Amino acid sequence: RVRASNVKLNNKNSVIDFVKRQTGIDLSKVVEPRTARSRTYLGVHLEDLTRNEQNEVRRVLNAYGRKTRIGDNGGYGYAIYYQK
């Protein structure tokens, strides 16, 4: 695992890479294609993951803290917000 203090989550690729390194879960397979161009959040379908995977993703992002959060993205699943 990588120390969270050494990683900056400021774009969708950094979020996907961070979650994969910390948990082994590949978020790229659940990215919402209609929101793939957003500059402030990553649209994902966490509901397509198992309950344990969802909880692990939430745990690692909440532990990271610093300006990242998970919110509802309407009919497009969830949004993982990051700050540039």
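**Figure 1. Y41 stands opposite Y81 in β3.** This view is taken from a predicted model. The two tyrosines form an aromatic pair of the tilted kind, with 5.4 Å from centre to centre and 50° between the planes. Y41 belongs to strand β1 and Y81 to strand β3, so distant parts of the chain, 40 residues apart, are linked by this pair. How accessible are the two partners? Y41 counts as buried because its relative accessibility is 18%, and buried means under 20%. Y81, with a relative accessible area of 22%, is partly exposed.

**Figure 2. Three strands form an open sheet in the order β1-β3-β2.** The pairing in this sheet is antiparallel. Which strands lie at the edges? The edge strands are β1, residues 41-44, and β2, and each of them pairs on one side only. Neighbouring strands are turned against each other by 25° on average, if direction is ignored. Between β1 and β3 there are 4 bridges, and 4 bridges also join β2 to β3.

**Figure 3. Strand β1 is covered on both faces.** In a regular strand, side chains alternate between the two faces of the sheet. In β1, Y41 and G43 are on one side, while L42 and V44 are on the other. Are these residues buried or exposed? All four named residues are buried.

**Figure 4. Helix α2 spans residues 51-64.** The helix has 14 residues and reaches 20 Å from its first C-alpha to its last, close to the 20 Å expected at 1.5 Å a residue. Its buried residues are Q54, V57, V60, L61 and Y64. Why do they lie on the same side of α2? They cover an arc of only 140° around the axis, which puts them there. The face turned away from this buried side carries the exposed residues R51, N52, N62 and A63. Just after α2, G65 takes a positive phi of about 70°.

Figure 5. Y64 is one of the buried residues of α2.

**Figure 6. F18 and Y64 form an aromatic pair.** The structure holds 2 aromatic pairs. A pair of aromatic rings is described by the distance of the centres and the angle of the planes. For F18 and Y64 the centres are 5.4 Å apart and the planes are at 65°, an edge-to-face arrangement. F18 lies in helix α1 and Y64 in helix α2, so the pair ties together parts that are 46 residues apart in sequence. Both F18 and Y64 are buried.

**Figure 7. R34 lies in the loop between α1 and β1.** Is R34 buried or exposed? R34 counts as exposed because its relative accessibility is 65%, and exposed means over 50%. How far is R34 from Y76 in sequence and in space? R34 and Y76 are 42 residues apart in sequence, and their C-alpha atoms are 8.1 Å apart in space.

Terms used:
Residues numbered from 1 in each chain as written. Predicted model: local features only at pLDDT ≥ 70, side-chain atom pairs only at ≥ 80, totals over all residues. Heavy atoms only, no water. Helix = DSSP H or I, 4+ residues; strand = E, 2+ residues; numbered from the N terminus. Expected span 1.5 Å × (residues − 1). Buried < 20%, exposed > 50% of the residue type's maximum accessible area, 1.4 Å probe, protein only. Arc of directions from axis to C-beta. Pairing = 2+ DSSP bridges. Axes fitted to C-alpha atoms, helices over the stretch in contact; angles between N-to-C directions. Phe/Tyr/Trp six-rings, centres within 6.5 Å; stacked < 30°, edge-to-face > 60°.
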